[in-house]
Amino acid sequence: MNARAWAAARNLAAALRGGHTERTTTRRRWFGAARACPSWCASDHRCTAQHGYSGGEHRSEPLVWRTDYGTLMASRVETLSRAGHVELRLSVRLDSDDQVAALQARMLTAGVDLAASAILAAAKETGRPALRAAG
Ligand SMILES: [Zn+2]
């Protein structure tokens with residue numbers, strides 16, 4: 001038996017006797033330090049960041065719009081590394097005709113993509129002059 005195997009056997013015997021004191025492995029800590037929530041965070045069961053989970057996120061209460069076509073919900077989310085995003089959930093009533101419903105679903109998905117791209121580009125262009133003026 002080589003020295004490493006002998007050490008492992010001694011550690012096992014000590015652990016079985018309940019006297020194990022030598023740490024042979026490192027354990028990652030499950031809980032990190034508690035985090036303070038930003039003012040927009042719901043700070044309730046939706047927020048997993050306040051408990052210090054490594055994948056925790058601050059999450060706002062959702063804004064809900066009920067429209068003629070369905071419901072749109074928006075939530076602001078931010079990870080512990082300060083990466084922020086908005087989550088949108090759109091629920092739309094589709095036509096009872098299956099072919100029309102399929103076309104509505106495709107066109108709606110493409111339209112949401114186009115609208116998001118256009119809005120994000122416009123917001124970036126609008127924000128740039130202000131940043132240049134400030135700098
Ligand atoms: Zn929070």
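The structure is a predicted model, in which local features need pLDDT of at least 70 and side-chain atom pairs count only at pLDDT 80 or more, while totals for chains, interfaces and linings use all residues. Residues are numbered from 1 along each chain as its sequence is written.

**Overall architecture**
- The protein chain has two helices and four strands, where helices (H or I, at least four residues) and strands (E, at least two) are DSSP runs numbered from the N terminus.
- Along the sequence these elements follow the pattern α-β-β-β-β-α.

**Strand pairing** (two strands pair if DSSP finds at least two bridges between them)
- Strand β1 (residues 57-59) pairs with strand β3 (residues 70-79) in the antiparallel sense over three bridges, and E57 stands opposite T79 in β3.
- Strand β2 (residues 63-66) runs antiparallel to β3 and is joined to β3 by four bridges, with W65 opposite L72 in β3; β2 and β3 form a hairpin that has three residues between them.
- Nine bridges connect β3 and strand β4 (residues 84-92), again in the antiparallel sense, and V77 has H85 in β4 as its bridge partner.
- The hairpin of β3 and β4 has four residues between the strands, and R82 there takes a positive phi near 70°.

**Burial and contacts**
- Of the 135 residues of the protein chain, 5% count as buried, a residue being buried if 20 or more other C-beta atoms, placed from the backbone, lie within 10 Å of its own.
- Among contacts (C-beta atoms, placed from the backbone, within 7 Å) between residues at least 6 apart in sequence, 7% join residues at least 24 apart.

Notes. A residue is buried if 20 or more other C-beta atoms lie within 10 Å of its own, exposed if 12 or fewer, and partly exposed in between; C-beta atoms are placed from the backbone. Two residues are in contact if their C-beta atoms, placed from the backbone, lie within 7 Å.
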